[in-house]
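Biologist: I am new to this structure, and I would like to learn how to read it feature by feature. Could you take me through it slowly?

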Amino acid sequence: MAHDTAHAMHPPTATGLDTRKLAIWTFIGSECLFFATLISNYLVYKGHSLVGPLPHETSQCMLHGQMSTCEPIFEIPLVTFGTAVLLFSSFFVVLALNGAQHGNRKKLIGWLSATVVCGLFFVGMQVYEFTHFYHKGLGYTTNLFGSSFYTLTGFHGTHVTLGVIWLATVLVLAIRGKLPPEKSLNLEIAALYWHFVDVVWIVIFPVVYLMR
Amino acid sequence: MSTIAMGHAGTEAVPAGKKGLWSWITTVDHKRIGILYGVTAFLFFLLGGLEALLIRWQLGAPDKTFLSPEAYNQLFTMHGTTMIFLGVMPLSAMFFNYFIPLQIGARDVAFPRLNAYSYWVFLFGGLVLNASFLFNAAPDMGWFAYANLTSKQFSPGLNVDFWIIGLQILGIASLAAAVNFFVTIINLRAPGMKMMRMPMFVWMSLITQVLLLLAFPIITVALVLLMLDRNFGTHFFVPSGGGDPVLWQHLFWLFGHPEVYILILPAFGVVSEILPVFSRKPLFGYAAMVFSGCFIAFLGFGVWSHHMFSTGMGPMADTVFSLGTMLIAIPTGVKIFNWIGTVWGGSIQYKTPMYFALGFVAMFIIGGLSGVMHASPPADLQQTDSYFIVAHFHYVLFGGSIFALTAGAYYWFPKMTGRMLSESLGKLHFWLMFLGFNLTFAPMHILGLNGMPRRVYTYSAGMGFEFWNAVETAGSLILGFSFLVFIINILKSLRSGAVAPADPWHGATLEWSIPSPPQEWNFAVEPTVDGRDPLWEERRKAGGTLPEPARVSGAGIHLPSPSYWPIITAFGTAMTLVGFLMHVTLWVILAGVAITMLGIFSWAFEPADH
C-alpha cells in the first residue's frame, strides 16, 4: 500500500530492513498457507468426481440435460501461453522497478504499462477459459473437480486482479510524476506481491494442468 | 526526533481532539487501542460467562427443562466460540497492543492505522456473530462445526452462516494484527534490544503471531469451502456429491490445534514476566524458555489429528499423532520446571498478580496431565466426547489462559490506568476464583470417566450424575461471583484507588521506566538496552532506587495522526462478508467492496505532510 513516505529519512529499524517491506514478506508468508490449503483441497479430491467432465480423460457427463460423452476439459496450449505471459510480466516489473530506482521515467512507465497489460491479458484468458469450460459442461457445482478447480484458480485470479489494480495505481502515480527514485519502494512492494502471485501460478500450472 | 516507523510524522490531515468519543474512534495510539481491545473483550468474556452459567443452571439437577435442547445447543456453541475468539484471543491482543511497544522501547506499533483497523474489524466480527441471537439463529453445532451437522440438509437455518461469517471477519482482524505485531517486534526494538534480550512476554507474543499467520489462512479456506457448500451447492463436505466430511475435521484441526497454542502462549509470556518480578530473581533458563516455546509452536502444527482418533484413521496415523502429542509434554515440562526454578529460593512477594501466576502453574499442570492421558488413542476413545475432555480443556484454558491473563491484568493495571487495585479485594478474587474454578471443573473428570457425555442438554435421575453436577453448578456461581469482585475492584480503583507510581512492583522491563499511565509518546528519549532485565540493571547501578520519572512536554515528538479511515475500511470489510450471509446479497457485497476500496485508497493517500 502506498503509505505516506514523504520522508526521505526513514528511521533506522532494528534489522535495517524497511518496515513495509518486512510486512509484505510476512503477509506473503501467510498467503502461502492460504494457497497451500486450496491446492491441497484440489489434490485431495483429484479423481473423486462422481461424473464428468474430467481434466485429462474422456468421461460420461450431463450435457444439455442428457448423458453424453465429454472430451477432456484442459487445453494446455492456451494456458501455457497465459503462463508465459504472466511469467514475462514478472520480468517486466523488475525492469520497471529498475527504471524507478534510477529515475528513468520512460523505462518505468513503459515496462510498468507492459506489466499491467500482461496481468489484464492473464485475467482475460481466465475469463475466456472459464466460459469455455462452462460450455463444455463443467459448471461450478457439476463435480468435485469443477468446484475445487474453479475455487483454486478463481482465488488466484482474484489475487491477479487485485495486483493489476495495485500496479495500475502505482502506474498512475508514475505518470503523474509522483514516483521519484526515493519513493521507488512503493513500486517494489507491489512488485513483491506480483512476483508472489506469479510463483503461486508456477505451482498451480504443473499441479493442476500438467499432472495426470 | 522522529522515531515512528511509519514516518507518518506530524500529519494533521484528520485532526481530532484528545478527548471524547471521536478521539477513541479515530485513535491510532497502541495504548488506547489496547484499552479498547481490553474493554470490548472483557464484555464479550462476561457474555460468554453468562452463557456458561445458563448451561450450568440447566445441568444443576437431572431432567431440568430450564433450557430447551435447541437453546442449550446454541448456548454451548456460542460459549465456546465467544470465549476463544472474543474473550481469550482479544484479551491477549490487549496485552500485545499495550505492552509489546513498551517492552521493546518503541513509540508505537509498526502500522498504527492498521492496528486500529484490526480492532474495528474484531468489534464488527463479534457483533455479527452475536447478532445471530436477534434472529434466534445462534450457531448450534459446537465450536468445531463438524460436517455434516453443518450441511444445508441438517442445518437449514442461518445459525451456521452466522458462525462462518463471524469467524471469517474475526480472522481478518487476527491476520492484520499478526502482520503488524510480527513486524513491530522484529523491526522496532530499541537499540541494544537484541532478540535474546527481549522480555519473555514479547518472545511468546512473537511466536503467537507466527502461529496466527500460518494457522488462520487454513480456517479461512475451510470456512470458504463450507460457505460454498451451504450457499452455492458445491459438495466439498457432502458425501452425496463425493465429498468427504472428514476433510473438514482435518482442515479445522490443522487450524484448531495451533489455535490452542495461540490461546496459551501469550499466557505463558505473562506468567514468565510476573514470576521473576515477584520472586526478585531473573527468569530461570531464559534460552530454554525461548526454544521450548518455539518447539511447542512447531510441534503444534504436526499433532492436529489427535482430535480425530475416533474417526478411525488407522494404526499408523494414530501412532504418529499419539507420539507427536506426547512429545509436546517435553517442552511444556521444561517451561514448568523453569517457572518453578524461577520461584525457587526467591524472595517471594505475595501480591495478587503472584497469586494468580502461581495458581496458573498449578492448574495448568493438572490440565497438561489429563492432556497427556488422551494423547493415547485407546484412552482417548474412552474419553472423547465425555466430560473428561471438558474438564481437560477448561483446566488449560481457564486454569491456564484465564488465570494468567487475570494475573496480567492485576500486574499491568497500575501501568495502564495510573491507579493501584486493592490487594485485599484482589486476593478475595483469587481465592473465590480458585475455589469456584476447581469446584466447577474438577468433578467433570469424575463425571466424564463415569460416562457423562458432553453437549447433551440433560441427564436422567439415577444415573449417578446428580451429586457432582450440583457441586459444579454451585462452583460456577462462586466463579461468577469472583468476577463481580474483580469488577468492583476495578471500578473502586478507577474512582478512588491509590495513585500508582511508575514502578509499583520493582519491575525489570522497560514499561516500568516511564510514568503510569505512559504519556502518548511512551518514551521521551529512545531507550538503549544492554542486557536482559534492563531496569534491574539500571536500579543496581543507581544504588537500589531510581527517581520517579517526570512527566515531560512532548514538544518536538512526532506522532501518527488520528484517522477515521481504519473504522470506515473495517466497516466495508465486514459489510462485504455479511453480504454472503444469506446466499448472496449483491448490493451489500458491492457496497461493502466500494467502501473498502474507498477506505484503502483514502488511507494510502492520506496526506503525510503539512
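Biologist: In what order do the elements of chain A run from the N terminus on?

Modeller: This is a predicted model, and in it the elements of chain A follow the order α-β-β-α-α-α-α when read from the N terminus. Counted by kind, the secondary structure of chain A amounts to five helices and two strands.

Biologist: What does the C-alpha trace of chain A span along its principal axes, and what share of its residues count as buried?

Modeller: The C-alpha trace of chain A spans about 65 × 35 × 25 Å along those axes. Burial is judged by neighbours, since a residue is buried if 20 or more other C-beta atoms lie within 10 Å of its own; in chain A, 40% of the 212 residues count as buried. As for contacts in chain A between residues at least 6 apart in sequence, 69% join residues at least 24 apart.

Biologist: Turning to chain B, into which domains is it divided, and how far apart do their C-alpha centres lie?

Modeller: Chain B is divided into domain 1, covering 31-542, and domain 2, covering 575-610, and the C-alpha centres of these two domains of chain B lie 31 Å apart. Their contact takes nine residues from domain 1 of chain B and seven residues from domain 2 of chain B.

Biologist: Which helices of chain B each supply at least two residues of the side of domain 1 that touches domain 2?

Modeller: They are α4 (112-131), α5 (159-187) and α6 (200-232) of chain B, and the largest share of that side, four residues, comes from α5(B). By class, the side of domain 1 of chain B that touches domain 2 of chain B has five nonpolar, two polar and two charged residues.

Key
Residues numbered from 1 in each chain as written. Chains lettered and ligands numbered in written order. Predicted model: local features only at pLDDT ≥ 70, side-chain atom pairs only at ≥ 80, totals over all residues. Buried ≥ 20, exposed ≤ 12 C-beta atoms within 10 Å, placed from the backbone. Contact = placed C-beta atoms within 7 Å. Domains from an automatic or database assignment. Nonpolar A, V, L, I, M, F, W, Y, C, P; charged D, E, K, R; others polar.
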